[in-house]
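Here is a friendly walk through one protein model, taken sheet by sheet and helix by helix. Please keep the viewer open as you read.

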Amino acid sequence: MSLLSVDRLCIGPVDSAAAPIVDGLSFTLSRGDSLAIVGESGSGKTQAVLSLLGLQGAGLRVSGSARFDGIELIGARDSMLDVVRGTRIGMVFQDPASSLNPYLTVGMQIGESLEVHRGLSRAESHRVALRLLDAVRVADAARRLLQYPHELSGGMRQRVMLAAALACRPELLIADEPTTALDATVQRQLITLLRELQRDFALSLLLITHDLGVVGELCTRTLVMYAGRVMEEGDSERLLRAPTHPYTQALLRARPRLDTDPDAPMFAIAGSLTRAEISPLACCFAPRCEHAVDLCYRLRPPPESVADGVRHCHRRPEDIATAPG
Ligand SMILES: Nc1ncnc2c1ncn2[C@@H]1O[C@H](COP(=O)(O)OP(=O)(O)OP(=O)(O)O)[C@@H](O)[C@H]1O
């Protein structure tokens, strides 16, 4: 059953005709399932998920629909969004240093939503916070509860953010680049933790990342986004093994790998994402696509269903799997 169903979500500046930041994003997330939204910096991933919680940037207008367990989130009243944010959807951000309040102890940060949304007393919320720190594998939890964010390492802060996000037992966890700011060893620990939490808390997971490496490990489904539009969406295992969109192929080729010749030049996608150059009528990736043909510059590709999802590309998968042109 679908827990979250996003339909033609659009986000753009209120007072300019500039290209939209998110342009017709649609996907569904089933209860207990996990979806990664992947794309390079500036593709609109963060604004898309923030808009689900009514937290999009100032001066941005949101349209379309996002139904969470039957509740329409787009345009919902603040009081409704407060309840959803506090109790049913938890969110962790890329940079826990700026998301945690520097003046509150770990215990107060985790306990806050328990007191506000579940009406627990300070002593009760303290007990639950201790259990939550155990759940996110923080050792010496009683001492940590009394510490301030600056006394913690980056990985520890991210665990505290997770504990706070899980405090009211949300059904959906949104994690925006949760491992980006961390070193490789801590990243690995956090990926393992996220997988365990998803199982232990029966969570649905919406993961935002530009790192295709973590996608296959954490999410059963993957949506690839470019310039605010969906390029392709499908089963993660298949998409990583046999992508059907030139952009996904290029992202995979550009991925740093340990098993290739360290002296070989790294592949980089030609050009850069320049919103001002994107035509509403054409494929937004065409200017950078090595498989683009004339049609790609004239017509925006409509969604095409594939066995396990959808793709937006004029070229057939078998044609782009061979030679550019
Ligand atoms: N309040 C705002 N007004 C206008 N444009 C904005 C606003 N907030 C963000 N943007 C623009 O929206 C675009 C998408 O930003 P967003 O942060 O969603 O991308 P992203 O894919 O998450 O990238 P990153 O991985 O770097 O965070 C960027 O070009 C950004 O400059």
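## Terms and ground rules

Two strands pair if DSSP finds at least two bridges between them. Helices (H or I, at least four residues) and strands (E, at least two) are DSSP runs, numbered from the N terminus. This is a predicted model, in which local features need pLDDT of at least 70 and side-chain atom pairs count only at pLDDT 80 or more, while totals for chains, interfaces and linings use all residues. Residue numbers start from 1 along each chain, as its sequence is written.

## The eight-stranded sheet

Eight strands build an open sheet with mixed pairing, in the order β6-β7-β8-β3-β9-β10-β12-β11. At its edges stand β6 (89-92) and β11 (304-306), each pairing on one side only. From one strand to the next the twist averages 20°; such angles run from 0 to 180 degrees between N-to-C directions, and axes are lines fitted to C-alpha atoms, for helices over the stretch in contact.

How is β10 joined to β12? Strand β10 (residues 229-235) and strand β12 (residues 309-311) run antiparallel and are joined by two bridges. There, glutamate 233 stands opposite valine 310 of β12. Helix α11 (residues 246-253) lies across β9 (221-226) and β10, and its direction is at about 100° to β9.

## The four-stranded sheet

A further open sheet has four strands in the order β2-β1-β4-β5, with antiparallel pairing. Its edge strands, β2 (22-30) and β5 (71-72), each have a single partner strand, so one side of each is left without a neighbour in the sheet. Helix α1 packs on this sheet, touching β1, β2 and β4 (60-68), and its direction makes about 115° with that of β1. Contact here means that the C-beta atoms of two residues, placed from the backbone, lie within 7 Å.

Strand β1 (residues 2-13) is joined to β2 by seven bridges, and the two run antiparallel. Serine 2 faces serine 30 in β2, and cysteine 10 has aspartate 23 of β2 as its bridge partner. β1 is also antiparallel to β4, with eight bridges between them. In that pairing, proline 13 stands opposite leucine 60 of β4.

## Helix α4 and its partners

Two packed helices are described by the angle between their axes and the distance between the axes. For helix α4 (residues 106-118) and helix α7 (residues 154-166), the axes come within 7 Å and cross at roughly 25°. The two are therefore roughly parallel to each other (angles under 35 degrees count as roughly parallel, over 145 as roughly antiparallel, 65 to 115 as roughly perpendicular and the rest as oblique). Val106, Gln109, Ile110 and Ser113 of α4 make the contact with Val160, Ala163 and Ala164 of α7. These residues divide into five nonpolar, two polar and no charged; Ala, Val, Leu, Ile, Met, Phe, Trp, Tyr, Cys and Pro count as nonpolar, Asp, Glu, Lys and Arg as charged, and the others, Gly among them, as polar.

Now for helix α5 (residues 122-135): its axis and that of α4 come within 9 Å and cross at roughly 120°. That makes α4 oblique to α5. From α4, Gly107, Ile110, Gly111, Leu114 and Glu115 meet Ser125, His126, Val128, Ala129 and Leu132 of α5. By class, this contact has five nonpolar, four polar and one charged residues.

## Helix α7 against α8

α7 also packs with helix α8 (residues 184-200), at an angle of about 15° and with the axes 10 Å apart. That makes α7 roughly parallel to α8. Which residues meet in this pair? Gly154, Gly155, Gln158, Leu162 and Leu166 of α7 meet Val186, Gln189, Leu190 and Leu197 of α8. The contact of α7 with α8 has five nonpolar, four polar and no charged residues.

## Around the ligand

Which residues come nearest the ligand? Of the 15 residues around it, these are Ser41, Lys45, Thr46, Gln47 and Gly57. A residue is near a molecule or strand if its C-beta atom, placed from the backbone, lies within 6 Å of it.

Helix α1 (residues 45-52) gives the largest share of the shell around the ligand, three residues. By class, the shell has four nonpolar, ten polar and one charged residues.
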